[in-house]
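Thank you all for coming.

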Amino acid sequence: MRGSNHVGMRQFNERIVLQAIRHHGAIPKADLARLTQLSTQTVAIIVGRLLDDGLLVKQDRVRGKIGQPSVPLSLNPQGAFSVGIQVGRRNLELLVADFTGKPVERVEVLYDYPDPDHLFASMAQGLHTLKSRMGDLWPRTVGVGLTAPLSLHKWADLLGGQAAQALARWEHIDLTAEVQRLTDLPVVFAKDTTAACVAELLQGHGRSVRSFLYVFVGTFIGGGLVLSGHIMNGERGNAGAIGSLPVGLASRGSGMPPQLLQKASGWQLEQALLAAGQDPLLIHQPAIMDAAYTEFTAPWIAQASQALAMTVASSAALLDLDAVVMDGSLGAPLMTALMAATQDALAQYRFDGMHQPQLLAGQVGAHARALGGALLPLHSQFFPDKDIFLKQDNA
């Protein structure tokens with residue numbers, strides 16, 4: 001992080017100062033100047049403006065052995081807020097994050113499938129609820145970050161029945177435009193797994209791990225990719241789209257090899273529960289690991305962990321990763337069991353000639369997609385890495 005003392009760099013330098021405080025925590029002006037390589041006078045002017053705007057707050061004076069007491073500066077949690085909206089195949093989540101990226105309000109709506117009419121009505125109600133809860137702080141909300149799978153309609157055949165009809169309608173719906181009609185705040189879009197990956201990059205392991213493959217296990221499995229501290233997007237927004245990764249070899253007469261999403265998505269476990277007359281949404285609850293459900297969870301964990309181990313080994317050879325971070329919306333005990341089984345399955349793979357990445361549990365959790373969405377407006381408006389979300393449409 002290096003600022004510029006040239007004229008015309010005011011906004012960029014303000015963002016550099018905010019970024020430095022975000023990364024390093026409360027810090028005095030003198031240390032800010034050294035860290036950003038801005039002049040002491042420039043930092044003093046910038047800090048004054050940010051204090052006036054309510055984006056920074058002064059902490060208690062710290063007395064050292066030499067010189068004058070210093071006054072650390074920190075981000076003001078109430079300096080700005082943003083809304084994250086996550087459209088999933090099983091749920092709608094709306095979340096307000098404060099200026100430090102911490103969730104402060106949340107609304108969730110569960111459904112069997114995302115019917116557009118019901119979903120937009122629920123979204124409008126959710127935004128109204130959040131606005132009411134925030135009260136006088138709502139005017140400090142700077143935008144809405146919307147996240148969803150890129151092609152909801154493409155899963156129509158897989159879900160079948162009424163769900164298929166509802167999902168097919170999404171092919172002709174401009175999701176961002178429809179959400180923009182519901183609010184006066186500017187709306188920006190990011191792919192759901194990219195948003196979750198960025199939440200982990202900014203609020204989780206990304207603060208100490210430079211290069212990692214991000215795996216999010218929900219109704220369908222997906223992922224993201226961080227290399228050297230930067231989100232990789234790809235020309236079509238598909239970098240890190242591990243759900244489409246083949247987890248077998250093609251051979252004549254045996255058909256196409258399955259993709260990871262067919263072996264390691266929560267969907268397969270849902271269907272097994274549903275066929276036995278059980279509640280499929282149990283997969284998102286801790287109770288799924290009760291002994292009564294072992295006949296469903298054990299086969300799924302076995303198949304999913306084998307597919308994930310192959311994904312880890314293949315990705316490590318191609319990308320030279322420090323780690324693979326696994327998170328998801330499944331119940332925490334189920335995610336823990338899946339990670340342990342994947343770690344065991346990795347012992348069946350050779351890592352000669354490459355680095356075996358650590359397998360790490362995500363630090364953000366089930367709300368990573370909505371939180372990542374909420375971080376989008378904050379970072380685009382207040383921090384120098386405004387392009388951290390590289391996919392800005394849902395085509």
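Before anything else, a word on burial: a residue is called buried when its relative accessible area is under 20%, exposed when it is over 50%, and partly exposed in between, with a 1.4 Å probe and protein chains only. What you see is a predicted model, in which local features need pLDDT of at least 70 and side-chain atom pairs count only at pLDDT 80 or more, while totals for chains, interfaces and linings use all residues. Residues are numbered from 1 along each chain as its sequence is written, and side-chain values use heavy atoms, with hydrogens and water left out.

Helices (H or I, at least four residues) and strands (E, at least two) are DSSP runs, numbered from the N terminus. Let me begin with helix H3, residues 40-52, whose buried residues are Val 43, Ile 46, Val 47 and Leu 50. Seen down the axis of H3, these residues fall within an arc of 100°, so they line one face of the helix; the arc is that of the directions from the helix axis to the C-beta atoms. An α-helix has 3.6 residues a turn, so residues three or four places apart point the same way. The buried residues of H3 pack against helices H1 and H2 and strands S1 and S2, where contact means heavy atoms within 4.5 Å. The face turned away from that buried side carries the exposed residues Gln 41 and Asp 52. Just after H3, Gly 54 takes a positive phi of about 80°.

Helix H12, residues 332-345, has 14 residues and reaches 20 Å from its first C-alpha to its last, close to the 20 Å expected at 1.5 Å a residue, the expected span being 1.5 Å times one less than the number of residues. Its buried residues are Leu 334, Met 335, Leu 338, Met 339, Ala 341, Thr 342 and Ala 345. They cover an arc of only 165° around the axis, which puts them on the same side of H12. On the other side, Ala 332, Thr 336 and Asp 344 are exposed. Among the elements that the buried residues of H12 pack against are helices H10 and H11.

Which strands and helix each supply at least two residues of the lining of the largest pocket? They are S3, S4, S5, S9 and H8. A pocket, on a 1 Å grid over the protein atoms alone, is an open set of points with protein on both sides within 12 Å along at least five of seven lines, and lining residues have an atom within 4 Å of a point. The largest pocket is lined by 41 residues, of which Arg 89, Pro 149, Asp 192, Thr 193 and Phe 220 lie nearest its centre.

Finally, two residues deserve a look at the backbone. Gln 37, in the loop between H2 and H3, has a positive phi of about 60° although it is not a glycine, and Gln 37 is partly exposed, with a relative accessible area of 44%. Ser 228, in the loop between S9 and S10, has a positive phi of about 50° and is likewise not a glycine; Ser 228 is partly exposed, with a relative accessible area of 40%.

Methods: 1 Å grid on protein atoms, 1.4 Å probe; cavity = no way out; pocket = protein on both sides within 12 Å on 5 of 7 lines; lining within 4 Å.
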